Amino acid sequence: MQFWAGYRGIDNIFVAIDGSSTEHLREVGRLPTSFDSPQCVYGDVVQGDELSNFVAADCQELRPAMCKISSCSTCDTCVETWYTRHTSLDTSSRVDFRARCTELGYPPLACEDAAFTIASSLSENGTSYLEERPAAICNLLGDCGPSEGCQIRDTSDEGSSSWISEDMNYCTADGTSSGAFVGNTDFPVVEDGCLDADDCSVGQFCDVSSNPTIVYRCNPTSGQDENATQGQCSSLCNQPIIRNRLKRLSQTFTEDNVCSDPESGTSTSECPSGFACRESTTPSCVLPGTANCTVNENRVIQIDEGESCEGQCYPTTRNLTSAAFTSSGRSVLVDLNARAKTLDRPCSQIFDSDTMSRLGSSGCIINEDSRSTLRIEPSGRATLMPGDELRLKEDSSLQPFLVAKGENEAHFDSSGSVQVGNCSNCAQPVARITESASQVNELCPGQRGDGEGYEPVVINGQKSSDPSGRPFRRVTWETNNSLDEDCVTTDELENDIDLANRDGLLSLTLRSSSLEALSVSKKYCISLTVTSFLGQDSAPATHQLEKQAANILPVVTPAVPGTYVLPSTFGLRLDASVYTPSICEGSKAIFRWSCEKRVNFEGSEEECLILGGDGWRDNVLLSVENDDLVKAGIVPQDKLTIRLEARFADNQNITTGTQDVLVEGADILAAFTHGTPQGAVSSANQEATFDASASFDPSDPTNIIPMRFSFDCLREDGISSCFDDPAYIGDQDGSLWRVNASRFVDADPNERFFIQVTVSKVAQGVERQAVATRAIRVLTVKEVLNFTVIQDCTGRCPSRHQSSRPLSFYTNLDSVGSISNFEWRLDGNVVVERDVLGGNLQSLEPISAASVTLRPQILPSFGEVSIACTATITGVNEVTGTSSTSVNLIGPPVCSLTPQEACLRLSPTSAQLPNIEFLAQANGFSG
């Protein structure tokens, strides 16, 4: 685009004229009466021989020049254009950014990218301000870069004979520094709210662990909004690391388990029946209720861990005391009469074979915060029912998994058993009828009317669910006129219902003869009730079916999932069942998908930018790619209303159906960076930094929902403090935790400290959380061999590794050649040749290599495994280092249904020909 810059004699001002078109000269800007050469000349090449001697002084003498446009004049023109467009259009015309953008001559791809950026930009109360900031739009389109430092013409001075030059501002309504600010200049903080500790009083910190809110401000370098988590000021004693410490003390030492005469080693009045007073195996034994935290006037935390107790009550025999299903039926909680080691293992390593015949491939878990409770998570073909018995394995094989360090003298008794009780407040299952036709047509002219011309109709109850994930005990179909008292039934319909109830089917098939017997314009109401394996009945789900005359409208039922986990392998797949007889010979059905509404994770309605460009199509099947969902700013807990329209190609009458889709989040990945200390750490070093910035949310990669981090340090006994002062908490800055290494307590060089980060996101009250742990040993020597054990993956490692696949690790040592020996251990056991892929299956020789790939046969089917590597450099001064990491395993899915019910159903939809894609439904699988 070429510009003519010159003196206009009518009103004695400089103007810039767009001369790219000889048919239409358009004034695009006014020039100041005094300026330097770069502002006067839009570029460094003049046009025309008569201007070859043009110099800066010519500007002062009001001599015109033909020049090439500069980046700043492009920016100024762009800002004025978008400002004028925005202020001149009414609100209803502002939604189609793409059309306005391409109309102005910008490349369609640039307009598409900018439109998605605007739609996915962070917003406050559902309002996206980006489209109201012209300089920010020009930045998106590449016309205004932050590095150019351009000045912009003040558009509020249209009638003036002089042009006022101002600094550009991406966040204002007209792009100038004096323009009205759009949005917030800074994060708004409510009373008693905070963004960091500086917003709080002495002795307080900014707590974002409960009921946080998200606040927004405009980023001055881009014009796009950015967010922050606003918390509440709270006492320093409420910091997670302090709160967790006091909680562990209060849970571990209670009135029932501390005593004063450990020398006797016998039962006393201080201990319950079956328990004896013994010396405490934990060095932090304190009298209950005496540990507390205070903050002095100098903002220093002081923890008084109270009076030391002499001993603890230990069971004379360790055993299981009770067991019961949780309210959801998804887990069984088993009470232990003593604390056990934290655990995440297949139950086959804990219970005997008879118990495992009912548990299938269930997992057993003991968490740090409740080490006297074992949680069983039934899965696969688990058949455990209330009244069944649980029995532990023999002591010799059981102890390594259950007994905590320092407590090996007391074994769990495998001679007794415990009976599983029912839940005390069992949750109801949910009956759902989805993707089922609400209409059926009379036969088309010429079709048979003897009961064989109709294609069967399936009323689908497959989406019914029980919180436990277990198959239902009973499925009950029946006719129901509670929806409408005008509902009727037929003998044929009742026969179909009896057949489905007899076989316990979640799909009710209405046969051709049943459809023939239905009357036109009559209503038929059907209900479904399901009963959980624990005996709880659901509320009935109801469905209404009506028969209509032939060839009025195609009968189409959306088959869209009610929930969608972002991202999923094939994206958001939109499909529908098309009732073939509703399309008579010579008719053609066409379809159109749209996103009718989007309610974001904060509960505000926003424009939905998926499916907007798709028109009528022959094929009803459509997929929305994960990338398109992410670009449109869709995140977990957003709710989408998907609309399907269908009609005959030669008729404008339309039938519609809608389906609400709740977007759910995938697992967050909590991870430390490769540079984070792992293995040996020298206490002589001043600072150890634990960096969890490698944590990742595949459902929200740009963190529209803020990611929160909480750090802690645990020792092997689960109780004692990691630091010389229990009040020491290090210094946390977002995903970083800096710890003075000299503050770690003096401990056995072989004792491990567990650095733990909890990463979480909360939206609409739904929290997704993940935990990553680094095990370190603290050595007093200055020279230690520091390195990291890294899981070897293609791209980013998943949060859980499939146990049926090989598992690979390597070290990040710079000079492997100088290492004289490597030793690898899996859960404490030395890795030998037969354990690794490609190794000699007959050899028990330990592996000494910088990397290993473990055979899947040696891995547990699921749970957590730890891999450790010890590397040694020999020479004058031998240096050794150990590093370890842990990996969560998950087994392949197992079909939990009977062969008659089937976990995979194929439903060909011949009405979609010649596109012969069809729907495959997989359900009843569990991990």
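Predicted model: local features only at pLDDT ≥ 70, side-chain atom pairs only at ≥ 80, totals over all residues.
Which residues does Ser-519 touch, not counting residues up to four places away in sequence?

**Entry 1: Ser-519**

I found that Ser-519 touches Tyr-524 and Lys-547 once residues up to four places away in sequence are set aside. I located Ser-519 in the loop between α11 (512–517) and β27 (523–531). Its relative accessible area is 35%, so I recorded Ser-519 as partly exposed, the class between 20% and 50%. I also looked up Thr-490, which is 29 residues from Ser-519 along the chain; the two C-alpha atoms are separated by 9.6 Å.

**Entry 2: the whole protein**

I then took the totals. The protein has 12 helices and 55 strands. Of its 927 residues, 47% count as buried. The protein exposes about 43100 Å², and carbon and sulfur atoms supply 46% of that area. Among contacts with a separation of 6 or more, I noted that 67% are accounted for by residues 24 or more positions apart.

**Entry 3: Ser-808**

Is Ser-808 buried or exposed? Its relative accessible area is 16%, which is under the 20% cut-off, and therefore Ser-808 counts as buried. I found Ser-808 in strand β46 (residues 807–811). Leaving aside neighbours within four places in sequence, I listed Ile-790, Gln-791, Asp-792, Val-852 and Thr-853 as its contacts.

**Entry 4: the nonpolar cores**

I looked up the largest nonpolar core, which holds 31 residues; Trp-737 and Phe-744 touch the most other members. At least two residues of this core come from each of α7 (240–252), β38 (688–691), β39 (708–715), β41 (736–739), β42 (753–763) and β43 (766–779). Another core, of 30 residues, lies apart from this one and includes Ala-589, Val-620, Leu-622 and Val-624. I kept in mind that nonpolar side chains tend to be buried together in soluble globular proteins.

For Phe-744 I wrote down the contacts beyond four places in sequence: Cys-713, Cys-722, Phe-723, Asp-724, Val-739, Phe-753, Ile-755, Ile-776 and Val-778.

I checked α7 separately. This helix has 13 residues and reaches 18 Å from its first C-alpha to its last, close to the 18 Å expected at 1.5 Å a residue. I recorded the buried residues of α7 as Pro-240, Ile-241, Ile-242, Arg-245, Arg-248, Leu-249 and Thr-252.

**Entry 5: the partners of β41**

How many bridges does β41 form with β38? I found 4, with the two strands paired in the antiparallel sense. Asp-691 has Leu-736 in β41 as its bridge partner. Strand β40 (residues 731–733) also runs antiparallel to β41, and 3 bridges join them. Here Asp-731 stands opposite Arg-738. I noted that β40 and β41 form a hairpin with 2 residues between them, and that Gly-734 in the turn has a positive phi of about 65°.

**Entry 6: a mixed sheet**

Last, I traced an open sheet of 5 strands with mixed pairing, in the order β45-β51-β50-β47-β48. Its edge strands, β45 (801–802) and β48 (829–830), each pair on one side only. Within this sheet I followed β50 (residues 863–873) and β51 (residues 879–890), which run antiparallel and are joined by 11 bridges. I found Val-865 opposite Val-887 in β51.

Methods: Residues numbered from 1 in each chain as written. Heavy atoms only, no water. Buried < 20%, exposed > 50% of the residue type's maximum accessible area, 1.4 Å probe, protein only. Contact = heavy atoms within 4.5 Å. Areas by Shrake-Rupley, 256 points an atom, 1.4 Å probe, with all protein chains shown as cover. Core = buried A, V, L, I, M, F, W, Y, C linked by side-chain atoms within 4.5 Å. Expected span 1.5 Å × (residues − 1). Pairing = 2+ DSSP bridges.
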